[in-house]
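Here are some worked exercises to go through with the sequence and the model side by side. Try each task yourself before you read its solution.

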Amino acid sequence: MAAQTFYAGGGLNPDAAVFIPGQKAAPGFIPGLLSKPPGVFKATAEPASEAPANEKDQLLSFLANIPTPNRNRQMPSFLANIPTPNQASAEVQKANVKEEPKEQELPPVISVRKMTSKGCAIVILRDRRVMELAIAMKVAVVDGICIEVRRHTRDKLPKDEQPLGVFCAWGFRVERRMAVSEEGLEEYFNGLSKVAQPEGLDEEAPFEETLQYFALSSQGPLAMDTKPKADRANASQMLDGPHGRPDLVNNLWDAKQQLEDLWQRPPPPMGRSLMQRVAREQLFPHSGKEGTEHENRAGEKLEELATAVGLLDGVPKNSSFLDLCGGPGAWSQFLLEKPELAMKGFGFTLRSHSGEKGDWNAEEKDDWYPELAENRNWTALWGEDGTGDLLKPKNLEHCTQQLRDQGGVFLCLADGGFSDKAIPPNQLELYFYRLFLAELLTAASCLQPGGRFVCKLYTSCSAATSSLLFLTTRLFDDVAIVKPMTSRVAGPERYLYASGFRQGAETTEVRAALSQSQAFGAGASPLETPLLTPIVGANELSKDTQFLEQLRTMVSTLCFRQAGALQAIVDQAVYLEDIALDAAEESAKHAKYWEAAAAVQREIHMAERAVERAAKQERRDAENAENARPVQNVPWQASKGSKTGGHGRRDRNTNKKFSQAGWQ
Ligand SMILES: C[S@@+](CC[C@H](N)C(=O)[O-])C[C@H]1O[C@@H](n2cnc3c(N)ncnc32)[C@H](O)[C@@H]1O
């Protein structure tokens, strides 16, 4: 590759630092520091042997007087009397205009700027190949920490004026435990200039990423067991369910185990989960996607689902909805933000920390968004005991009675879910059974005729879950299982969508059977009493061949896709980690090549930063002086609200809004 002629510069703004042949020298070039170039290196040769002798000598004597790269940089004394920015840039420009560009080789990295509080950095480069390679690899291991590497772009600049640079992110949580250094980043990207591009960077997903839709229907009613008992939650409930494909379920569990095993791989770079996330985003870009339109990811999924099934098509104006197990409330917000529907909303969700010791307890982040409580068109219901626990039969009755008293609801949307370390692996579906049952019973107890029901589910392997799906086909005209693209492809989640709620004797019978089962659970914690015997037994279900066939297709397809996605993500995460570790090793060898030149450059940047700081200080002083002057009270400025209004995104842990967008 021909040696390119790039000049160090890096004005006050690091993004302006790239100097391309044929363009003017970048402003901010510090005279005297590099007015004599530190040396000439050819890209394809070792620096010491190929630098011309006189320049090499010049370089050596020059370098003898500057500190060698070290991790605790000190401000050199000669920078103490730096001119103010205006003087500096005037002198710089004068000095550079006189300078004829000479061929020289400078390190690929121009500058590194780390944002410690966010755990990220911007690395400005002069070597396009390094940038392209780093972006193609997507990840790196720097100072033993996994980082994500993306193209750095500046919103205000058009495409062809974007700086050459990368955005590196490892997150503030990792940074708090172990820091990635600017020097480590600089060394890594400099060394990358001599690293060959690994094979197989453009791996693709094993199957197309599309929304999955499976219609379910039944041929007629089946006998129901109205004397439920507690059932054992164990692996055989999952393997031997009506789906008839234990092999697929076993494959899925193997794939999940491989994901678990990733944590045991030696040697462990820190923040390894990043590799899985990056692998998933590469293979399945929509899966688990965080959008900007909703308060949380649940909103994203509901919107995709709603569009796909026409959830809101033909909903009568001024209808009511119930957002069941809906905290913190992105679904309610989605529905309330449809002015053309003018809907009235009700919410029912578990109050944080309301459960007994040993129960699964909701946290503050699950509590309703405060904006909902302030909305005149929305009301929170809490059930008889005020806990909002739907598993308690009296709470369910209390809530549905209140809704019936106001005429029922047209939409019942249920997104109940919980996780707990006490749930044995691969049995989430079984521990979720009673909540699903309670959600279906709630819908059947408060929906208006023709009403619609959405309910989140996990896998549907057991006879108990399958029987609830069967009963749904008896309660509604149209039933389907939908997995939106935004729902994690490697996760068990999917949604039941049912429309055309039926009234009549069969509905009354089904409701009574559901009610019996719910009463049997007697509000016990799902961790204590997870599973009950199926309302429609496996033998009965086998009589409806149409339903069974559709159920099998749905279960096996989603099982196959989940296992395939997990396997592909594991393979890709391992591959990404391997290439990142190899590149880190290779790059460390080559970084020495740039050590001296990088040291010179760092001094330049230190000078620039000092100039920048001085300018900032000057501005601050001027502002302080201005503010110190007595000001008249301006009443209309005193109580301005937030400009962002009520819909900024939230911190998952605290349920508080982010004050500014930031990578985490
Ligand atoms: C995935 S979140 C719902 C997210 C919501 N759809 C949104 O848009 O923000 C699941 C919710 O189910 C609630 N939940 C779990 N068990 C419950 C129970 N027994 N009764 C009521 N709510 C429950 C959780 O507290 C949590 O708020």
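**Exercise 1. Two helices, one angle**

At what angle do α15 and helix α16 (residues 505-521) pack, and how far apart are their axes? Work out their relative direction too.

*Solution.* A word of caution to start: this is a predicted model.

- Step 1: α15 and α16 pack at an angle of about 155 degrees, with their axes 9 Å apart.
- Step 2: Angles over 145 degrees count as roughly antiparallel, and α15 and α16 are therefore roughly antiparallel to each other.
- Step 3: Look at the hand next; the crossing of α15 and α16 is left-handed.
- Step 4: Now the residues: α15 brings Leu471, Arg474 and Leu475 to the contact, while α16 brings Glu506, Thr507 and Val510.
- Step 5: Sorted by class, the residues of this contact are three nonpolar, one polar and two charged.

**Exercise 2. The other partner of α15**

Find how α14 (428-446) packs on helix α15 (residues 463-475), and say which residues meet.

*Solution.* 

- Step 1: The angle between α14 and α15 is about 15 degrees, and their axes are 10 Å apart.
- Step 2: Under 35 degrees counts as roughly parallel, so α14 is roughly parallel to α15.
- Step 3: The crossing of α14 and α15 is left-handed.
- Step 4: From α14 come Glu429, Tyr433, Phe436, Leu437, Leu440 and Ala444, and these meet Ala464, Thr465, Leu468, Thr472 and Leu475 of α15.
- Step 5: By class, the residues of the contact of α14 with α15 are eight nonpolar, two polar and one charged.
- Step 6: Check the spacing along a helix: an α-helix has 3.6 residues a turn, so residues three or four places apart point the same way.

**Exercise 3. A strand residue and its contacts**

Locate phenylalanine 501, decide whether it is buried or exposed, and list what it touches beyond its sequence neighbours.

*Solution.* 

- Step 1: Phenylalanine 501 belongs to strand β14 (residues 494-501).
- Step 2: Count neighbours: there are 22 C-beta neighbours inside 10 Å, so phenylalanine 501 counts as buried.
- Step 3: Setting aside residues within four places in sequence, phenylalanine 501 is in contact with Leu447, Pro449, Gly450, Gly451, Leu475 and Phe476.

**Exercise 4. A helix inside**

How many of the ten residues of helix α6 (residues 182-191) are buried?

*Solution.* 

- Step 1: Go along α6 and pick out the buried residues: Glu182, Gly184, Leu185, Glu186, Glu187, Tyr188, Phe189, Asn190 and Gly191.
- Step 2: That is nine of the ten, so α6 is largely enclosed by the rest of the structure.
- Step 3: For background, 43% of the 664 residues of the protein chain count as buried.

**Exercise 5. Around the ligand**

Describe the shell of residues around the ligand.

*Solution.* 

- Step 1: There are 23 residues around the ligand, and Ala298, Ala330, Leu350, Ala362 and Asp415 come nearest.
- Step 2: α10 (297-309) and α11 (330-336) are the elements that give two or more residues to this shell.
- Step 3: The shell splits into eleven nonpolar, nine polar and three charged residues.

Conventions. Residues numbered from 1 in each chain as written. Predicted model: local features only at pLDDT ≥ 70, side-chain atom pairs only at ≥ 80, totals over all residues. Near = placed C-beta within 6 Å. Helix = DSSP H or I, 4+ residues; strand = E, 2+ residues; numbered from the N terminus. Nonpolar A, V, L, I, M, F, W, Y, C, P; charged D, E, K, R; others polar. Buried ≥ 20, exposed ≤ 12 C-beta atoms within 10 Å, placed from the backbone. Axes fitted to C-alpha atoms, helices over the stretch in contact; angles between N-to-C directions. Parallel < 35°, antiparallel > 145°, perpendicular 65-115°, else oblique. Left-handed = near helix turned anticlockwise from the far one by under 90°. Contact = placed C-beta atoms within 7 Å.
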